[in-house]
Amino acid sequence: MPDSRRVGAARSPRRLIQLRYLAHARSGDKGDTANVGLIALKPEFYPLLAKEVTVARVRRHFKGMVRGVERFELPNLQALNFLLHGALDGGGTISLKTDAQGKVYSTALLRMEIPVPAALARRVRRA
Amino acid sequence: MTARTVRVAAGQGFWGDWLEAPVRQVRGGPIDYLMMDYLAEVTMSIMQKQKSRDPRLGYARDFVPLMERILPDLAERGIKVTSNAGGVNPRACAEAVRESARKLGLASRVPIGLVSGDDILPRLDELLAKGHALRDLDTGRPLSDVRARVLSANAYLGMAPIVTALQRGAQVVITGRVTDTGLTLGPLFHEFGWAADDWDKVAAGTVAGHIIECGAQASGGNLLKGWRSVKGLENPGFPIVEADPDGSFIVTKHPGTGGVVSVASVTEQLVYEMGDPHTYITPDGIADFTTIRLQQAGKDRVRVSGIRGRARTDMLKVSIAYFYGYKAVGTLVYSWPDAYEKARAADRVLRARLRDLGLEFEQILTEFVGVDATHGPLAGPPNPDIPEVQLRVGVRSEHKAAVERFTREIAPLVLTGPPSVTGFAGGRPEVQEVVAYWPALIDRREIEPFVSVEVLDA
């Protein structure tokens, strides 16, 4: 279960939950860059993802693992696309990593926590 | 020109994909085209290596027996095939398929088309001398830095030569480095008579091609959302595009097959290997993925519409492979109790021995499978009672001897290192040659006059 520390003011209580409860994802590679497409599990989660899954947060999440982060919005697909530069230790055939093609970087992003309204956190974790 | 729906089915998503898929696509229901994508970034260099040993090789060899299995179905049902299985030797590949057709008595009924001219290896020095630096798109370095080590160089061709081959009556079109998406765009432009500068149609066909180019990855394979509820993956239905002349299309699969075609399955494939979604560049045009509209239109049917595009650029991408060095990966498994601690101790011993031997490596990478191999530090500390941990150490060097010696340093750890170790039955790790990828751009006017399309005699 994710950490569910309370955050924010008491008036609109918020909790931290892992992205796995709000999104699914797939990743791939281009050279030494991994991409992660983060897709809202329900259309109504997309605005929350767009607001909270910022470049700064993703950079902090992958600290020491990637060199730089770019973000693109695809509201039509309720998805965000992240480019994680320098994520693959050289990439392609050069990389010695198990995940040289960044196939499961997607799941590593789903570990990230974002603050959401407490009621939503309760609902999605029950589901 | 066709006013009806055209069905393009995916048969292979990469060289090594499920061999039953193309057979089931041609027999499992009505389709008009079977597209089979074989070429990944470094595939061309593997094929080039095979060709340098034997000039009759250099293509996806398993494509030929596969075609032999389905040629009678293709003849009977009039299904056409587009495939880049030709690799660096599309002529040899096309001739081998013709031989199969002759054996089956089908050579006159199934004309084989051949697209070549993407291979610029023989012209590389001439192009460099003309001032084309062929700089690495990622690093900006000029190709002259690694010229002596170049193994293959191919321009990515678009749909145009496939359209030409189909117009000349080819039923099976075999190409070299044509883009994955071109294999789908070609049939659509041929059937619908779309203008090559109708950029929205180019974009629509590009998105259709992108959705099916990785095979079952669009129809339930590798699908994360609700993965437990994806049924029947022992017989996955590979994706099929049912395209309409207006540029919209349905993604579906044959009835009675496993997997699922849903907005989620298509979306996951759309974002796969995505860069800037506004600007998905192919030789044929630019597609804007932020304009794609998806809608569930029935069970295992997703409607795709609204796609907008922009004009193609003056440049073509070139895929160059060059020799980089050597690598090897060794593994051992350590068991409870203290599995992770033992594995770490073994890694320290191994590294000290490599250092004492004076071996030079560009990199030594240690991963602990079960602890940090896929998520690194994000996974946190392991359960202290973890039943086992695999130590996985990789090395890379320009010196083959150093890598070779490394491969002999793994097994000795079993009797000379930390205890409770197993999992070495596979023998010494293999020394692998590292062939690296060098993406570049070139003016399309240097390439297009050299592209050749022919239909082989029966």
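Predicted model: local features only at pLDDT ≥ 70, side-chain atom pairs only at ≥ 80, totals over all residues.
Mentor: Residues are numbered from 1 along each chain as its sequence is written, while chains are lettered from A and ligands numbered from 1 in the order in which they are written.

Trainee: How many helices and strands are there in chain B?

Mentor: Chain B has 12 helices and 19 strands. Those are DSSP runs, numbered from the N terminus: H or I over at least four residues for helices, E over at least two for strands.

Trainee: What makes chain B as compact as a globular protein of its length?

Mentor: The globule rule (2.2 Å times the number of residues to the power 0.38) is set against the radius of gyration, taken over C-alpha atoms. The rule gives 23 Å for 458 residues and chain B comes out at 25 Å, which is close, so chain B is as compact as a globular protein of that length.

Trainee: Why are β11 and β19 of chain B called edge strands?

Mentor: Two strands pair if DSSP finds at least two bridges between them. The open sheet has 10 strands, ordered β11-β12-β8-β7-β1-β2-β3-β6-β4-β19 in chain B, with mixed pairing. Both β11 (293–296) and β19 (452–455) of chain B pair on one side only.

Trainee: How do you know that β3 and β6 of chain B pair?

Mentor: Strand β3 (residues 80–83) and strand β6 (residues 172–175) of chain B share 3 bridges, in the parallel sense, and the cut-off is at least two. For B:Ser83, the bridge partner in β6(B) is B:Ile174.
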